[in-house]
Amino acid sequence: MSKYELIPHPTYSRISEQEMINNAKSFYKLMKNRRTVRDFSPDPVPQEIIENAILTAGTAPNGANMQPWYFTVVKSADLKKQIRTEAEKVEKEFYDTKAPDYWLDALAPLGTDENKEYLEIAPYLIVIFTRKHTVLSDDTIKQHYYIHESVGIATGMLITAIHNAGLVSLTHTPKPMLFLRDLLQRPKYETPFLILAVGYPKENVQVPKIDKKSLDEIATFL
Ligand SMILES: Cc1cc2nc3c(=O)[nH]c(=O)nc-3n(C[C@H](O)[C@H](O)[C@H](O)COP(=O)(O)O)c2cc1C
């Protein structure tokens, strides 16, 4: 029996071209002010903001609507400390021995190193996991599709929601990061995707002076 069912689109209605152009421009203006911040304030942030940002991420388009993501939100000082310790171990190895010179050259303008103090200072670390499949209540397994594409899009929406709310974030990818699965007691069918540190920036925070590519460099209209 088919489970296919259609409902009227919940909200869509056309708006004028001018209104759409204005919306597109003002959203670009909002988003071009997003920057990755590496110095956080320890000031507390209402959990409701994080909950709604994750709900936003959960609306992302994804392969066959399997929603192959899981978000573990770390608030505990003790867990944050453990994550920092493990992340700094792998980061030290990366910077000292593993990273090829061309990678270190690419990172140089960002001023990053193995010190990850922000992992303890930011009020929230959202650890995002990809899920290979879902285990249903009767123990059958539901396969997931386009996992990385889907979780990448959801993460982009999470970062956008956090910026829109008035907070800052830092995408952190310690390499390798499997330690997060054990530390946060996630099942084997989940793999850590990245850590998103979230909070207010430190007062008078500074960010690297970098440029974004122009429209001509990133798009062609055929
Ligand atoms: C997948 C991914 C991994 C990243 N990993 C790190 C990281 O481990 N450490 C870090 O300091 N920044 C990391 N970043 C942040 C980038 O360096 C940053 O987004 C880039 O320099 C552009 O700067 P902006 O976000 O301020 O525009 C990462 C970003 C992405 C999307």
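Helices (H or I, at least four residues) and strands (E, at least two) are DSSP runs, numbered from the N terminus. The structure is a predicted model: local features need pLDDT of at least 70, side-chain atom pairs count only at pLDDT 80 or more, and totals for chains, interfaces and linings use all residues. Residues are numbered from 1 along each chain as its sequence is written.

The chain holds eight helices and six strands. From the N terminus, the order of elements is α-α-β-α-α-α-β-β-β-α-β-α-β-α. The C-alpha trace spans about 55 × 50 × 40 Å along its principal axes. Of the 222 residues, 24% count as buried. Burial is judged from C-beta atoms placed from the backbone: a residue is buried if 20 or more others lie within 10 Å of its own, exposed if 12 or fewer, and partly exposed in between. Two residues are in contact if their C-beta atoms, placed from the backbone, lie within 7 Å. Among contacts between residues at least 6 apart in sequence, 83% join residues at least 24 apart.

Helix H6 covers residues 147-165. The expected span of a helix is 1.5 Å times one less than its number of residues. For the 19 residues of H6 this gives 27 Å, and the end C-alpha atoms are 27 Å apart, which agrees. The buried residues of H6 include Ile-147, Val-151, Leu-158 and Ile-162. Their cover includes helix H2 (47-57) and strands E1 (69-74), E2 (124-131), E5 (168-172) and E6 (190-199). Gly-166 follows H6 and has a positive phi, near 105 degrees.

Most residues other than glycine have a negative phi, and most peptide bonds are trans. Asn-65 is not a glycine, yet its phi is positive, about 55 degrees. Asn-65 sits in the loop between H2 and E1. It is exposed, with 9 other C-beta atoms within 10 Å. Gln-67 is found in the loop between H2 and E1. Its phi is positive too, about 50 degrees. Gln-67 is partly exposed, with 18 other C-beta atoms within 10 Å. A cis peptide bond joins Lys-175 and Pro-176, with omega about -5 degrees. Pro-176 lies in the loop between E5 and helix H7 (179-183).

The residues around the ligand include Arg-35, Arg-38, Thr-112, His-172 and Ile-210. A residue counts as near a molecule if its C-beta atom, placed from the backbone, lies within 6 Å of it. By class, the shell has four nonpolar, five polar and two charged residues. Ala, Val, Leu, Ile, Met, Phe, Trp, Tyr, Cys and Pro count as nonpolar, Asp, Glu, Lys and Arg as charged, and the others, Gly among them, as polar.
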